[in-house]
Amino acid sequence: MHLIMLTTGYHKNFNYLLCMHSKFLYIYFMSLRTLEQELRYTWLSISKMYNEEASKYGGSMAVGFALLSLNPKQDTPSTSLGPKMGMESTSLSRTLKFMEDENLIQRIPNPEDGRGVLIKLTQRGIEFRNYARELVMKFNKTITNEVGEDSIENFYLVVDRINKLIKNKQVFK
């Protein structure tokens, strides 16, 4: 039996697959749409979009995110970056090493803590940071123009509520 896939889509919270065999159409309903699936799929799409753009300049989304997490006017303690970015220390170390090799940052000893290191943006790092900021602003403006400010506000309300429920351990009580 050879099926020809015609289209896929969503209907009443279900993914579906529309196929044709001979003269008959078949609709296969697949899994129920969930918040987790939609958030993950959307985040992967956003991540891919930013990585494609960053790769044109030899970077990655992680580098852009790190640049945006650094204060261009004040040196940043390296220990504060991990929690701010939600990144594991090994991934962060690798990203910072790459950024240092690419002359985007300098690591300097922290004069207030002999064991600590401060991260300072170089002039090149500031330029790349500004470009990353422009991309983020353009993405946000494009989405806001497409769906409207009310939808964006509702989106923020929903994700804030999700985070509050998780933080207060109210999901699996």
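Predicted model: local features only at pLDDT ≥ 70, side-chain atom pairs only at ≥ 80, totals over all residues.
Residues are numbered from 1 along each chain as its sequence is written, and side-chain values use heavy atoms, with hydrogens and water left out.

**View 1. The crossing of helices H5 and H6.** The axes of H5 (residues 123-147) and H6 (residues 149-167) come within 6 Å and cross at roughly 110 degrees (axes are lines fitted to C-alpha atoms over the stretch in contact, with angles from 0 to 180 degrees between N-to-C directions; helices are DSSP runs of H or I with at least four residues, numbered from the N terminus). H5 is therefore roughly perpendicular to H6 (65 to 115 degrees). Asn-140, Ile-143, Thr-144 and Val-147 of H5 meet Glu-149, Ser-151, Ile-152 and Tyr-156 of H6 (contact means heavy atoms within 4.5 Å).

**View 2. The largest pocket.** Its volume is about 1,200 Å³ (the space filled by probe spheres set on grid points joined across faces, edges and corners; a pocket is an open set of points on a 1 Å grid over the protein atoms alone, where a 1.4 Å probe fits, with protein on both sides within 12 Å along at least five of seven lines, and lining residues have an atom within 4 Å of a point). Of the 40 lining residues, Trp-43, Ile-46, Tyr-50, Phe-139 and Asn-140 lie nearest the centre, and H5 gives the most to the lining, with 11 residues.

**View 3. The second largest pocket.** This pocket holds about 340 Å³ of space, and H6 gives the most to its lining, with five residues.

Methods
Helix = DSSP H or I, 4+ residues; strand = E, 2+ residues; numbered from the N terminus. Parallel < 35°, antiparallel > 145°, perpendicular 65-115°, else oblique.
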